Amino acid sequence: MPGFKSEFLQTLFERGFIHQMSDESGLDELFAKETVTAYVGYDATATSLHIGNLISATMLHWMQETGHRPIALMGGGTSMVGDPSFRDEQRGLLTPEAINANIASIKRIFSRILRFGDGPNDALMVNNADWLLGLNYIEFIRDVGRHFSVNRMLSFDSVKLRLDREQSLSFLEFNYMIMQGYDFVELNRRYGCRLQMGGSDQWGNIINGVDLGHRMGTPQLYALTTPLLTTASGAKMGKTANGAVWLNEDVFSPYDFWQYWRNTEDADVGRFLKIFTRLPLDEIARLEALGGAEINEAKKILATEATAIVHGREEAEKAAETARQTFEAGTLADDLPTVTVPAAEIEVGIGLLEAFRRAGLAASNGEARRHVKGGGARVNDTVVDDERRILGSADLTGDGVIKLSLGRKKHVLLRAE
């Protein structure tokens, strides 16, 4: 077990964050002797970050907790190009207005993860549009672009995979690597930033920045990446049947977020507690050692602690109570996900398959039909086996809702309004 001198790197190691580092001893020495500024970049290609981004955001949290200064870099400039890493095709181009709206939406989550202010280790939120949008193209390719070897860039896995699949890589996307490398140099000049962190798929891009800094006269810069997490069964983490697990509550509810963690595989509980919660390691070791049905208690703690970080303690406790009422007490919890339909439509009657599709419990009528035939569909906690059933006013509870369930863990209220 490495004995890092610095509290920050030792914390990352013990919690399972470290995959690769450039100049491990040099970086450890730097963190041990001075307050270090480091950053993670986030492109604004959607209105929300997802739980893959939560890993790097949590590293920024531990930086701050151990006395250092984190920077959350918003990609207002790079989002106009889009990171081509490990993608089969170019991202759709976004307008500046859409990018700015996405950044405004993303900012909300960081206020719960980091502490911002004017203190020596208070977090900064910076937008790379501040320097990228004003660049003179000729000067940029002369002063910065000349330091990049096309031969070396073509050797990166993120580029090779695209070319090996005979998918086009545009000149626009090729410039992304240069811009990301230049971000590192610019952050060093403006804020004394010495370290860039990110997922392991960003290693090549980050090393580009380290090398560019060396060529352009910055102090020694460093790189640190995290492993790309998969579940114990080998599935990519952060995916559900309905898509990505987003951090913003307007695209993925706190209740659904809690449920995602509650459904963690037994073998992943300890690892995820270390990465996605702030519980002490001795408490995590105790929870990880639970066996049999007791492991479910550890999963509930994981769910509540992870949800509290992203959505706040109140929403986390509310989600936990909703789940308790739904799964343990057998009562109807008002905080279950709700889909509204016009009361007139309920009076006329809505088909069972259509209701499950509208509620998001099935992607299509065909999928809903398969669930009914498999015995997994319930209405008001009663199994339904007639795919032609019509739901109407008689199915409304006293609260004016119809409870639709898929299996034991997915529930949605259909509310007539």
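I began at Thr37, and its bridge partner in E5 is Cys193. The model I am reading is a predicted one. Thr37 opens strand E2 (residues 37-43), which is joined to strand E5 (residues 193-199) by three bridges, with the two strands running parallel. I then looked at what packs there: helix H10 (residues 203-215) lies on the sheet and touches E1, E5 and E6. The direction of H10 makes about 170° with that of E6.

**Entry: the six-stranded sheet**

I traced the strand order next. It reads E1-E6-E5-E2-E3-E4, an open sheet of six strands with mixed pairing. At the edges I found strand E1 (20-21) and strand E4 (124-127), each pairing on one side only.

I went through the pairs around E6. E5 and E6 run parallel and are joined by five bridges. Within this sheet I noted Gly198, which stands opposite Thr225 in E6. E1 and E6 run antiparallel, with two bridges between them. Met21 has Leu224 as its bridge partner in E6.

**Entry: cover on E6**

Which residues of E6 are buried on each of its faces? I looked up both sides. Tyr222, Leu224 and Thr226 are buried on one side, and Ala223 and Thr225 are buried on the other. By count, five of the five residues of E6 are buried.

**Entry: nonpolar cores**

I asked which residues touch the most other members of the largest nonpolar core. They are Phe110, Met197 and Trp261, in a core of 65 residues. Helix H3 (residues 51-65) supplies the largest share of this core, eight residues.

I listed the neighbours of Phe110, leaving out residues up to four places away in sequence. Phe110 touches Tyr42, Leu49, Ala57, Ala72, Met74, Phe116 and Met125. There is also a second, separate core of 24 residues, including Leu73, Tyr176, Ile178 and Val185.

**Entry: H4 against H14**

I turned to helix H4 (residues 96-113) and helix H14 (residues 295-311), which pack with their axes 7 Å apart and at an angle of about 120°. H4 is therefore oblique to H14, since the roughly perpendicular class runs from 65 to 115 degrees and the roughly antiparallel class lies over 145. On the H4 side the contact is made by Ile109, Arg112 and Ile113. On the H14 side it is made by Ile309, Val310 and His311.

**Entry: the five-stranded sheet**

I then followed another open sheet, of five strands in the order E9-E15-E14-E11-E12, with mixed pairing. Its edge strands are strand E9 (338-341) and strand E12 (382-383), each pairing on one side only. Strand E11 (residues 377-379) and strand E14 (residues 401-406) run antiparallel, with three bridges between them. I picked out Val379, whose bridge partner in E14 is Leu404.

**Entry: whole chain**

The chain has 18 helices and 15 strands. Of its 417 residues, 50% count as buried. Among contacts between residues at least 6 apart in sequence, 71% join residues at least 24 apart.

Technical notes: Residues numbered from 1 in each chain as written. Predicted model: local features only at pLDDT ≥ 70, side-chain atom pairs only at ≥ 80, totals over all residues. Heavy atoms only, no water. Pairing = 2+ DSSP bridges. Helix = DSSP H or I, 4+ residues; strand = E, 2+ residues; numbered from the N terminus. Contact = heavy atoms within 4.5 Å. Axes fitted to C-alpha atoms, helices over the stretch in contact; angles between N-to-C directions. Buried < 20%, exposed > 50% of the residue type's maximum accessible area, 1.4 Å probe, protein only. Core = buried A, V, L, I, M, F, W, Y, C linked by side-chain atoms within 4.5 Å. Parallel < 35°, antiparallel > 145°, perpendicular 65-115°, else oblique.
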